[in-house]
Amino acid sequence: MNTKSKPFIVSVTSGKGGVGKTFITTNLAATLARQGKKVLVADCDLGLANIDIMLGINPELNLKDVVFGNMHLRDVIIPTKGGFDLIPASSGVREMAQLLFEKIQIIKDMLLDIEGYDLILLDTGAGIAEVVLQFNLLANQNIVVINKELTSLTDAYAMVKVMYQVFGRQSFSIIANNVPDEKNGLSIFKNIDSISRRFLGFPLNYLGHVLQDEAVGKSVLKQEIAVMSFPRSRIANNFSQISRAVLDLKKA
Amino acid sequence: MKPLKKTVQSSPEVTFTAASHKHLQNILKKVKPKSGKLLSKKDQPEIFIILTADIPAEKRTELLKSKKGITLNPEDNLLKRLLELEKENRHLKSLSQTDELTGFYNKRFLNKQLKIEITRTKRTGQPFCLMFIDLDNFKSINDTFGHAKGDEFLINVCHLICEKIRPTDFACRYGGDEFVIIMPATFLLDGISIAQRWHNLIVQVAAQMEVNVSSSIGIDEFDVSCTLKAEEFLDKVDKELYNAKNTGKNKVSYPGERLKANKAEEKFVTPAEKDALYKGSAPLKQKRK
Ligand SMILES: Nc1ncnc2c1ncn2[C@@H]1O[C@H](COP(=O)(O)OP(=O)(O)OP(=O)(O)O)[C@@H](O)[C@H]1O
Ligand SMILES: [Mg+2]
């Protein structure tokens, strides 16, 4: 573990909403934490933040106090039952969804300043909004979550294309979520990968898949983290594989 | 020019215009007219006129031969006509479409083309993009290395842009170190990547010439729903440039809200890409059946 060096920042993004970004962020964070990594999760879905709800906590301070008060990001960090730390955001605050460019810059600068973590995971909002692009830009690596729906593929591809055309990004990782089996995950990845090679000129990196599992719904209802409630489940296994792939990215 | 000569010969009164102020002063030294008037540089930046009746005939023909000046008779209003001719000349010059130093289109052309593009967008529904490029720190070249080096930098940048620009785009010099590029039939997203390209190119030229210059770029899209007039749209893009300047320079600034969700994805994925994605998924569907 090397906490002195700068944390590896990974954003979890998608284009389309509801594909499982938040689910993947919290479960990946918990898996990495269990492996002994110091992990910080930042809820960057500024308009519709919900990690706090997913974890059943009610933090006193959140990103709003950083943006509109004079708190530092460090002051709002809280530990969670997942073994990782969290920067909560406030939900339903209109001003947060339409943050000025400068305000986003303030958050970005503070995030870059944070030390003492191996990884920082950013859970972004849906869509190709400026805020989302900015957080993706800040991250060392973008994980784009897709599922078997065609609209999730086109939206994920749009996200990759925009990040490439606007900021010159050429390195993206894909997680296929909510898939019936391993083969299905691989085939939807191959689809988007071949389109990226053909139209954008670079390949995508496959981190792996997460199976469709009713354990997910159950944990969500209980405000628990699936990989912790069901440590021997197939999806816990999926997350172990993905976490190894993420740590490989960090090393590279 | 022929009628002018005729008049000169028929009259002792002579008006003279020379190519330059200095040239005229030299002539004045030579011919030493007893009476005459040299209009100051300030009054007439381009025409220098001397009214005199006593230029000797042989000097007069000499002057005529030198082709650097014209003699004429002010009595029949030729002076006035000459001034008008000069004015028209200047007008014609400004009517030309290109900037002499850089070879870019000039501001006059820009204003004309911008109106054309707005009409075109209204008719075809296809958006166009416009970017303002302003060099950061450009004055420092002129101050430390002189204007020649500054000009050289501008020429290098503009020639490279001319070489690489899409044949449908218009590059215009707006002012000293300000440029405007109009990109017809272009979505903001593509416009931004082109802006990024020019931004990088300027960085490269600066590195090659070992000067500390970069560029700030503001860009926006004019779409079919936009009701702004040409000047108002220019102002809007100029504000975007101002934003780039104000948030640290050396960057491309664009209106973020235009790239916002709202099924914006639809706009970014071309039919060909979408088609390929859908086709790629087709065998999948069959397998599931
Ligand atoms: N692998 C899975 N198996 C079963 N259900 C899943 C799986 N992944 C996600 N879900 C369900 O999908 C829903 C949406 O997930 P989540 O909130 O993480 O998506 P999101 O991408 O963060 O959404 P938003 O764009 O609104 O932030 C959740 O209710 C979750 O239970
Ligand atoms: Mg979410």
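A residue is called buried if its relative accessible area is under 20%, exposed if it is over 50%, and partly exposed in between (1.4 Å probe, protein chains only). Helices (H or I, at least four residues) and strands (E, at least two) are DSSP runs, numbered from the N terminus.

## What you are looking at

This is a predicted model, where local features need pLDDT of at least 70, side-chain atom pairs count only at pLDDT 80 or more, and totals for chains, interfaces and linings use all residues. Residues are numbered from 1 along each chain as its sequence is written, chains are lettered from A and ligands numbered from 1 in the order in which they are written, and side-chain values use heavy atoms, with hydrogens and water left out.

Let's start with helix α12 of chain A, which covers residues 234–251. Its 18 residues reach 26 Å from the first C-alpha to the last, close to the expected 26 Å. (The expected span of a helix is 1.5 Å times one less than its number of residues.) The buried residues of α12(A) are Ile235(A), Ala236(A), Asn238(A), Phe239(A), Ser240(A), Ile242(A), Ser243(A), Val246(A) and Leu247(A).

Now find helix α1 of chain A, residues 21–34. It has 14 residues and spans 20 Å, close to the 20 Å expected. Since 13 of the 14 residues of α1(A) are buried, this helix is largely enclosed by the rest of the structure. After α1(A) comes Gly36(A), with a positive phi near 95°.

## Around ligand 1

A polar side-chain atom of Lys21(A) sits 2.7 Å from an oxygen atom of ligand 1. A nitrogen atom of the ligand has a polar side-chain atom of Asn178(A) at 3.4 Å, and a polar backbone atom of Leu211(A) lies 2.9 Å from a nitrogen atom of ligand 1. On its own, ligand 1 exposes 640 Å², and the protein buries 77% of that. Accessible areas come from the Shrake-Rupley method with a 1.4 Å probe; for residues, only the protein chains shown count as cover.

## The sheet in chain A

Chain A has an open sheet of eight strands, ordered β3-β4-β2-β5-β1-β6-β7-β8, with mixed pairing. Two strands pair if DSSP finds at least two bridges between them. β3 (78–79) and β8 of chain A are the edge strands, each pairing on one side only. Six bridges link β7(A) and β8(A) in the parallel sense, and Ile175(A) stands opposite Gly208(A) in β8(A).

## The sheet in chain B

Over in chain B, five strands make an open sheet with mixed pairing, in the order β5-β6-β4-β7-β8. Its edge strands are β5 (170–175) and β8 (252–253) of chain B, each pairing on one side only. Strand β4(B) runs antiparallel to β6(B) over six bridges, with Phe132(B) opposite Val180(B). β4(B) is also joined to β7(B), antiparallel again, by nine bridges.

Which residues of β7(B) are buried? Nine of its nine residues are. Ser214(B), Ser216(B), Gly218(B), Asp220(B) and Phe222(B) point one way, and Ser215(B), Ile217(B), Ile219(B) and Glu221(B) point the other way. Two bridges pair β7(B) with β8(B) in the parallel sense; Gly218(B) has Ser253(B) as its bridge partner.

## A loop to check in chain B

Most residues other than glycine have a negative phi. In the loop between α9 (230–246) and β8 of chain B you'll find Lys249(B), whose phi is positive at about 60° although it is not a glycine. Asn250(B) is found in the loop between α9 and β8 of chain B too, and its phi is positive at about 50°. Lys249(B) is partly exposed, with a relative accessible area of 39%, and Asn250(B) is partly exposed at 39%.

Methods. Polar contact = N/O pair within 3.5 Å; in protein donor to acceptor, adjacent residues only side chain to side chain.
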